[in-house]
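Please read it alongside the sequence and the model.

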Amino acid sequence: MAARTPRSAVWNYFTKNETNKNKCKCNQCGLELSCQDGQTKTATDHLKGKHPDEYKIIQLRKEEVEANKKSKDAKQQRMDVFVGSGEEMYDSKSVRYTKLNKSMAKMLCTDMRPLVMVDDEGFQNLIHDLDPRYNMPKWDYYRGAL
């Protein structure tokens, strides 16, 4: 039986623990929470209390979906609701953003790549496809970081 795809938008802000399926980690602050059987209440409460802006995004999306369902004229879901427009970029102080920056710096050093490759259009497109919320810094950021 195939694994069920998470349906709640809350999972955009949390990563499930691979070794303990009853735990998840907040991508914003790194706090590990109990997420028994994929339940989202604890994660939602955490977002509501600690990351209200992200919680508002989820609530707005939920309201859009509900409004679309109730619309008598709509036979199909609007594309912006379906795709989930309005996803905000990672905060530059978030755990996830910092981790991605460190990972990028490590890759540049390990593979002895020129720093300017992070400004190449093709590379930026690849990174965006992998994580649309990650706004990768320009090459001079890594010059200062290394």
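In what order do the 3 strands of the open sheet lie, and is the pairing parallel or antiparallel?

1. The model under discussion is predicted. Its open sheet has the strand order S1-S2-S3, with antiparallel pairing. Strand S1 (14–16) and strand S3 (32–34) form the edges, each pairing on one side only. From one strand to the next, the twist averages 35 degrees.

2. Pairing of S2 with S3, and the helix on the sheet. Strand S2 (residues 23–26) and S3 are joined by 3 bridges in the antiparallel sense. Within this region, lysine 23 stands opposite serine 34 of S3. Helix H1 (residues 41–50) packs on the sheet and touches S1, S2 and S3. The direction of helix H1 makes about 135 degrees with that of S3.

3. The disulfide. The structure contains 1 disulfide. It is formed by cysteine 24 and cysteine 35, whose sulfur atoms lie 1.9 Å apart. The pair links distant parts of the chain, 11 residues apart: cysteine 24 belongs to strand S2, and cysteine 35 to the loop between S3 and H1. Cysteine 24 has a relative accessibility of 1% and therefore counts as buried, the limit being under 20%. Cysteine 35, at 2% relative accessibility, is likewise buried.

4. Cysteine 29. This residue is in no disulfide. The nearest cysteine sulfur is that of cysteine 26, 3.8 Å away, whereas a disulfide requires sulfur atoms within 2.5 Å. Cysteine 29 is partly exposed, with 36% relative accessibility.

5. Aromatic pairs. A search of the whole structure returns 2 aromatic pairs. In one of them, the ring centres of tyrosine 141 and tyrosine 142 are 5.0 Å apart and the planes stand at 90 degrees, so the arrangement is edge-to-face. The two residues may also be described by their accessibility. Tyrosine 142 is buried, at a relative accessible area of 0%, while tyrosine 141 is partly exposed at 40%.

6. A charge over a ring. The charged end of lysine 16 is placed over the ring of tryptophan 11, at 4.6 Å from the ring centre.

7. A backbone feature. Methionine 112 has a positive phi of about 50 degrees although it is not a glycine. Methionine 112 is located in the loop between helix H4 (95–110) and helix H5 (121–130). With a relative accessible area of 73%, methionine 112 is exposed.

Methods:
Residues numbered from 1 in each chain as written. Predicted model: local features only at pLDDT ≥ 70, side-chain atom pairs only at ≥ 80, totals over all residues. Heavy atoms only, no water. Helix = DSSP H or I, 4+ residues; strand = E, 2+ residues; numbered from the N terminus. Buried < 20%, exposed > 50% of the residue type's maximum accessible area, 1.4 Å probe, protein only. Phe/Tyr/Trp six-rings, centres within 6.5 Å; stacked < 30°, edge-to-face > 60°. Lys NZ or Arg CZ within 6 Å of the ring centre and 35° of its normal. Pairing = 2+ DSSP bridges. Axes fitted to C-alpha atoms, helices over the stretch in contact; angles between N-to-C directions. Contact = heavy atoms within 4.5 Å.
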